[in-house]
Amino acid sequence: MATTIEQTTEVGGPPAPTSPGAHGGHPPTSTGVGSTKLAIWLFLASDCLFFGAFISAYLLYRGRSTVPPGPKDVFDIPFTSATSFILLMSSLTMVLALAAIQRGDERRLKIWLLATVLLGATFIGGQVFEFTEFDREGLGLGTNLFGSSFYVLTGFHGAHVTAGIIWLLSLWGMASQGRLKQADAEKVEIAGLYWHFVDVVWIVIFTVIYLVPQPGLAK
Amino acid sequence: MTEGTIAKVEEEISSVAHAEPAGALEPAPGLLPGEVHPHPSPAQYVLIAVVLCVVTAFEVAVSYLEGAIPDGLIVTLLLVMAIVKFALVAAWFMHLRTDKPIFRRFFVLGIVAAVLLYLVVLTSLHVF
């Protein structure tokens, strides 16, 4: 007997298979939302646990280093505040890029995407400078508990930002070749969700690691 | 029933059977898939960015009050301001205000799971 797929149209039944929708060729899903967008949100939810582990490790080791330098010896709050401001502003340029593609304004899309890339690259440049300065002041990855937990947490965040820069550069390249049209707005939105996520993670890191009053060395 | 009527009924049944299910991926004109309301305007985005800058400036200022006010108060103020900034970016820039609630539910689930898990771990290790 031939196998058949039943199409249920009753209220509450599973949705009937239909032809792809007009936006990006998504087939309908049981959740009623696109799989790509749902997947990026699930990834971001799982990344909360990823960064939570490193932030917790930092809190666990906070004030337990027995050898200098400690956070008070190396942190340059005005400098890190400036790089945090730059990353925050990159979220603004990112949403402006999305607004541009939704309007079909490809020229502004390219401008705002490139601005986001440049701001992200400036943030990474600042982080490299900061790490170099800390290293000069004697804080290496294996110097003490503070060094290990600080470099691993902020290093993984920097790696996320770098991945975001590469992603946005590829979108900018597509836009420059005229391969990113108004109908592809969801691609920019999904890259933007990732970008804003690295921004909100930095909001937490900046507060918890840099701004909260620091303890001295453990005795 | 005539041939024509039967064909008409069949066509109607077919159109119902192949109809888009409730909540399918056909957004209203001008909206992206998964969007319920339109995204904010560029002017609103700029306004949110200004608010974020002001809150960040307050955060940095509060961190310099160490020694002048109790550390507990500084930590509380900093955490409140960080939560405000986090919520503003998630709601406005990540469009959780205007998109379908399923995205918000997934993201909140991830945050709540992370906070609960690590609170239990850190408490059991006597960090607090």
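Which residues is A:A97 in contact with, once its neighbours within four places in sequence are left aside? I looked this up at the start, bearing in mind that I was reading a predicted model, and I found A:L109, A:W112, A:L113, A:T116 and A:V188.

**Entry 1: the core around A:A97**

I then asked what A:A97 belongs to, and I noted that A:A97 and A:L113 are the residues with the most contacts inside the largest nonpolar core, which has 69 residues. I listed the helices that each supply at least two residues of this core: from chain A they are α1 (35–61), α3, α4 (106–136), α5 (145–176) and α6, and from chain B they are α2, α3 and α4 (101–124). The helix that gives the most is α6(A), with 18 residues. I also saw that domain 1 (40–97) and domain 2 (100–128) of chain B both give residues to this core, so the core lies between them. I wrote a general reminder beside this: in soluble globular proteins, nonpolar side chains tend to be buried together.

**Entry 2: the two chains**

I looked up chain A and found 6 helices and 0 strands, with 40% of its 219 residues counting as buried. Of the contacts in chain A with a separation of 6 or more, 78% are between residues 24 or more positions apart.

For chain B I noted 4 helices and 0 strands, and 21% of its 128 residues count as buried. In chain B, residues 24 or more positions apart account for 51% of the contacts with a separation of 6 or more. The C-alpha centres of domain 1 and domain 2 of chain B lie 20 Å apart.

I wrote down that the model scores ipTM 0.84 and pTM 0.83. The mean pLDDT of chain B is 84, and 76% of its residues reach 70 or more. Over residues 16–24 of chain B, however, the pLDDT is below 50, although this stretch has 16 contacts in the model beyond near neighbours in sequence. I kept a caution for myself here: where pLDDT is low, the predicted coordinates should not be read in detail.

**Entry 3: helix α2 of chain B**

Next I listed the buried residues of α2(B), which are B:Y45, B:A49, B:L52, B:T56, B:E59 and B:S63. Seen down the axis of α2(B), these buried residues fall within an arc of 75°, so they line one face of the helix. I recalled the general rule that an α-helix has 3.6 residues a turn, so residues three or four places apart point the same way. On the other side of α2(B), I found that B:A43, B:V50, B:V54, B:A57 and B:A61 are exposed. The buried residues pack against α3 (77–103) and α6 (185–211) of chain A, together with α3 (71–93) of chain B.

I also checked B:V55, which lies in helix α2 of chain B. Not counting residues up to four places away in sequence, B:V55 touches B:M81, B:V84 and B:K85.

**Entry 4: helix α3 of chain B**

I repeated the length check on α3(B), whose 23 residues should span 33 Å, and its end C-alpha atoms are 32 Å apart, which agrees. The buried residues of α3(B) include B:I74, B:L78, B:W92 and B:F93, and what covers the buried residues includes α3 and α6 of chain A together with α2 of chain B. Just after α3(B), I noted that B:H95 takes a positive phi of about 65°.

**Entry 5: a glycine in α4 of chain B**

Is B:G110 buried or exposed? I found that B:G110, in helix α4 of chain B, is buried, with 21 other C-beta atoms within 10 Å. Leaving aside neighbours within four places in sequence, B:G110 is in contact with A:L44, A:A45, A:S46, A:C48 and A:L49. I also noted that the C-alpha atoms of B:G110 and B:A87, 23 residues apart along the chain, are separated by 14 Å.

Technical notes: Residues are numbered from 1 along each chain as its sequence is written. Chains are lettered from A and ligands numbered from 1 in the order in which they are written. This is a predicted model: local features need pLDDT of at least 70, side-chain atom pairs count only at pLDDT 80 or more; totals for chains, interfaces and linings use all residues. Domain bounds come from an automatic or database domain assignment. A residue is buried if 20 or more other C-beta atoms lie within 10 Å of its own, exposed if 12 or fewer, and partly exposed in between; C-beta atoms are placed from the backbone. Two residues are in contact if their C-beta atoms, placed from the backbone, lie within 7 Å. pLDDT is the predictor's confidence in each residue, from 0 to 100. The arc is that of the directions from the helix axis to the C-beta atoms. A nonpolar core is a set of buried Ala, Val, Leu, Ile, Met, Phe, Trp, Tyr and Cys residues joined through C-beta atoms within 7 Å. The expected span of a helix is 1.5 Å times one less than its number of residues.
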